[in-house]
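Open the model in your viewer and keep the selection panel at hand. Each stop below says what to pick next and what is there.

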Amino acid sequence: MRVVSTNEAPAAIGPYSQGMIVNNLFYSSGQIPLTSEGTMIEGDVAEQTHQVFRNLQAVLSEAGASLETVVKATVFIKDMNDFGTINEVYGEYFHTHKPARSCVEVARLPKDALVEIEIIALVK
């Protein structure tokens with residue numbers, strides 16, 4: 001088991017890590033739209049989703065994985081009415097490779113984010 005940590009994504013804001021590698025699988029913590037400096041993106045749900053993907057790409061890279069090796073994504077959204085917009089942005093990152101996915105609406109996300117995504121990926 002190995003802890004994954006990078007300065008290219010926001011630091012954990014609690015007693016957890018950005019991700020863990022177990023055998024050949026990387027498990028990310030949920031990423032919200034914080035910059036690597038810890039500033040919350042206050043834009044619309046599309047801008048927030050793009051920031052979430054920048055964070056995911058950073059932790060995946062540190063783990064020796066990539067969006068192309070993601071096997072499962074879990075998407076948490078504040079408002080199911082935003083699903084179409086989030087799905088459109090999601091499709092920009094997963095346009096040919098389409099991992100398994102779950103999407104759920106939640107009452108509230110950390111720092112009142114509009115979207116949070118966690119992934120499981122194969123490590124190269």
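Start with the rule for rings: those of Phe, Tyr and Trp (its six-membered ring) pair if their centres lie within 6.5 Å, and planes under 30 degrees apart count as stacked, over 60 as edge-to-face and the rest as tilted. The model is predicted, so local features need pLDDT of at least 70 and side-chain atom pairs count only at pLDDT 80 or more, while totals for chains, interfaces and linings use all residues. Numbering runs from 1 along each chain as its sequence is written, and side-chain values use heavy atoms, with hydrogens and water left out.

**Stop 1: the aromatic pairs**

How many aromatic pairs does the structure hold? There are four. Select Phe-53 and Tyr-93. This pair is stacked, at 4.2 Å centre to centre and 0° between the planes. Phe-53 lies in helix 1 and Tyr-93 in helix 2, so the pair ties together parts that are 40 residues apart in sequence. Helices (H or I, at least four residues) and strands (E, at least two) are DSSP runs, numbered from the N terminus.

Are Phe-53 and Tyr-93 buried or exposed? Both are buried. Buried means under 20% relative accessible area, exposed over 50%, partly exposed in between (1.4 Å probe, protein chains only).

Phe-53 is in helix 1 and Phe-94 is in the loop between helix 2 and strand 5, 41 residues apart. Phe-53 has 0% relative accessibility and counts as buried. Phe-94 is buried too, with a relative accessible area of 4%.

Phe-53, Tyr-90, Tyr-93 and Phe-94 form one aromatic cluster. Then show Arg-101. Arg-101 lies over the face of Tyr-90, 4.5 Å from the ring centre. The criterion is NZ of Lys or CZ of Arg within 6 Å of the ring centre and within 35 degrees of the ring normal.

**Stop 2: helix 2**

Select residues 83–93, which make up helix 2. Which of its residues are buried? Ile-86, Val-89, Tyr-90 and Tyr-93 are. An α-helix has 3.6 residues a turn, so residues three or four places apart point the same way.

What covers these buried residues? The cover includes helix 1 (45–63), strand 4 (70–77), strand 5 (100–105) and strand 6 (115–122).

For contrast, pick Glu-88, also in helix 2. Glu-88 counts as exposed, at 60% relative accessibility.

**Stop 3: the cavity**

Select Val-75, Phe-83, Ile-86, Asn-87, Arg-101 and Cys-103. These residues line the largest cavity, which has a volume of about 30 Å³. Helix 2 gives the most to the lining, with three residues.

A cavity is a set of points, on a 1 Å grid over the protein atoms alone, where a 1.4 Å probe fits but cannot get out; lining residues have an atom within 4 Å of a point. Points are joined across faces, edges and corners, and the volume is the space filled by probe spheres set on them.

**Stop 4**

Go to Ala-121 in strand 6. Ala-121 is buried, with a relative accessible area of 0%. Beyond four places in sequence, its contacts (heavy atoms within 4.5 Å) include Leu-25, Leu-60 and Val-70. Ala-121 and Glu-68 are 53 residues apart in sequence and 8.5 Å apart, C-alpha to C-alpha.

Move to Leu-25 in strand 3. Leu-25 counts as partly exposed, at 23% relative accessibility. Among the residues that Leu-25 touches are Met-20 and Ile-120, again leaving out those up to four places away.

**Stop 5: two positive phi angles**

Most residues other than glycine have a negative phi. Select Asn-23, in the loop between strand 2 (19–22) and strand 3 (25–28). Asn-23 has a positive phi of about 55° and counts as exposed, at 75% relative accessibility.

Finish on Lys-111, in the loop between strand 5 and strand 6. Lys-111 also has a positive phi of about 55°. Lys-111 is partly exposed, with a relative accessible area of 49%.

Definitions and conventions. On a 1 Å grid over the protein atoms alone, a cavity is a set of points where a 1.4 Å probe fits but cannot get out, and a pocket is an open set with protein on both sides within 12 Å along at least five of seven lines; lining residues have an atom within 4 Å of a point.
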